[in-house]
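The following exercises ask the reader to describe a protein model step by step. Please examine the sequence and the structure before reading the solutions.

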Amino acid sequence: MSVEVQQGIATPRIPAGLGGLLPALILIGLFFVVPVLALLLRSVTDPALGLQNYAALLGDGTYARVFFNTFLVAAVVTIVTVLVAFPIAWMLAIMPQALASILFGIIILSMWTNLLTRTYAWMVLLQRTGVINRGLMAAGIIDQPLPLINNLTGVSIGMVYIMLPFMILPLVGTLRAIDPMTLRAAALCGASPLAAFRRILLPLSLPGIAAGGLMVFVMSLGYFVTPALLGGTSNMMLAEMVAQMIQSLLNWGLGSAAAFILLVVTMALYALQLRLVGSKRAAGGA
Amino acid sequence: MKLIFAGVLAGLMATTAAKADEIVFTSWGGTTQEAQTKSWAEPFAASSGIKVLQDGPTDYGKLKAMVDAKNVTWDVVDVEMDFAIKAAKDGLLEPIDFAAVPKADLDPRFSNENAVGSFYYSFVLAWNKGAVTGEPASWADMFDTKKFPGKRTFYKWSAPGVIEIALLADGVPADKLYPLDLDRAFKKLDTIKSDIVWWGGGAESQQLIASGEAAFGQLWNGRVFALEKDGADVGVSWNQNLTAADVLVVPKGAKNKDAAMKFLAAATSPTGQAKFAEASGYAPINTKAKAEMLADVVKGLPDAHVEGQINLDMNYWAEHRDEIATRWYAWQAK
């Protein structure tokens, strides 16, 4: 799913010379479209023909709670990611090119490190006997370890960290495109820095925030490893539930239905994102 | 994105099934699979010339998918016994060829038409001595947060063990455990729910106890054995230890069935079982194995702790697996 998001951003329009794309299209068809169709088929045929899997999912309080959790986590992660990413992106946009390249390298480097390794690193930091809690207790700031892991806090911290590059990169692009003169003009007209931010910078960077935010939200919806390791069972997300249905209950029908619902929601949001990115391009191109 | 790549890669790798003189053995990873590799796979490969490729961890969903898709890349899989009984009923397993696998000395509790024992183990109460004051003596103590404060860790997945522990702690006598009173068990578990940290795999349970992240918990005895061997400061109570078994199965349609049967014969032989027990601390399922083992190793095995030992009912679990699992995960997600 996330791969499609990436590719969608890179090539929202179908260029001329479709013939050369044929191998790629066949590959995508074979490895993405066919399995997804098989998934859909399974969700309405396993164990019997009909919509009973969807009825079971939508009619059960447990699954409803998991759906709610999934959206809650994705929303929290998106909001925090935007708040953290904005100052970093701004700094990258205005700093000298050479320095910015180095910082970019560092941000990208984190994406090249194995996801599982990074998540385990957070476990070491966040757990009750972890670096953060031990440090705070040694400094006398707290008496009892803070509950930073196996809950919403843990999931949010771990996922924000992983999502940051996906927010920073589009945001830097948007911020760089903003003419710095507009801010100087605002200052000359007597706007305080805060007013300049609120009335000039923020509205102009909104397309970048929307694009990055949606991408982070959509990716968060389907995340598995980080919530599974840093979260608790009571804030289980959909992907983990799907894994459970398939691995433990061997209920492929129910698991497929849950996965398909997630896919439909994701695609709807993706369509929204395409429209937003499209409008940004139109505005930027003018 | 990486997950998808990993998935595609795994798919590509899965298509390279073992060749005729190879088998793929799948188990649970960590210290257990290492012991299986050293005690079974390596000597077997040396004597038979059949290469044993290691894969893992065991994943029941994957096993079913392979059989359904008629593209089985695992030849021998280490599974929990209740799963094996259920899987055999669902037609997911090959029958064991007892002409190739000598049956006479195998503990009949852990073998049937479609499975031979791998090893048997006990769930024991283990704790980090640095994190617990006093010595918890029974499962009831794991539910007494006043006497024993701190996080406690239990097995995350729906499987024989935790439900029984809750019932025992609530005062149900060992011989009255089955049929399981799920309402009562979940009510008891509710009382400590916020203090539970779940472990999903053996290595995780070791890490939680060794670091003191969880003060105490329900662990596989072999994992505690490994911690003790590593010099970790852990205590263990065998009181009301709960036995269950892992078995070795051959998925339906496995490509190297004959070689797989030969491997099963080696793994369940007295020597294979004795070596594995010495390396892992789990009990052998071959009744002749103990004769080949050192006396002090025998002392540390689950069958040296039969007093107060409770056998988890694999047949009951095989029959009610789905029903219990549905309730279990619903309760966890609350």
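Helices (H or I, at least four residues) and strands (E, at least two) are taken as DSSP runs, numbered from the N terminus. The model is predicted.

**Exercise 1.** Determine how many helices and strands chain A has, and describe the chain as a whole.

*Solution.* Step 1: chain A contains 13 helices and zero strands. Step 2: read from the N terminus on, its elements are therefore written α-α-α-α-α-α-α-α-α-α-α-α-α. Step 3: along the principal axes, the C-alpha atoms of chain A fill a box of roughly 70 × 65 × 30 Å. Step 4: of its 286 residues, 33% count as buried.

**Exercise 2.** What span should helix 5 of chain A have, and is this helix buried or in the open?

*Solution.* Step 1: helix 5 of chain A covers residues 97-112, which is 16 residues. Step 2: the expected span is 1.5 Å times one less than the number of residues, which gives 22 Å for this helix. Step 3: the end C-alpha atoms of helix 5 are 22 Å apart, in agreement with that value. Step 4: a residue is buried if 20 or more other C-beta atoms lie within 10 Å of its own. The number of buried residues in helix 5 of chain A is zero, so the helix lies largely in the open.

**Exercise 3.** Describe the side of chain B that touches chain A.

*Solution.* Step 1: 25 residues of chain B are in contact with 22 residues of chain A. Step 2: helix 1 (2-14), helix 3 (60-68), strand 6 (196-199) and helix 13 (314-333) of chain B each give two or more residues to this side. Step 3: helix 13 of chain B gives the most, with seven residues. Step 4: the residues of this side comprise twelve nonpolar, six polar and seven charged.

Notes: Residues are numbered from 1 along each chain as its sequence is written. Chains are lettered from A and ligands numbered from 1 in the order in which they are written. This is a predicted model: local features need pLDDT of at least 70, side-chain atom pairs count only at pLDDT 80 or more; totals for chains, interfaces and linings use all residues. Two residues are in contact if their C-beta atoms, placed from the backbone, lie within 7 Å. Ala, Val, Leu, Ile, Met, Phe, Trp, Tyr, Cys and Pro count as nonpolar, Asp, Glu, Lys and Arg as charged, and the others, Gly among them, as polar. A residue is buried if 20 or more other C-beta atoms lie within 10 Å of its own, exposed if 12 or fewer, and partly exposed in between; C-beta atoms are placed from the backbone.
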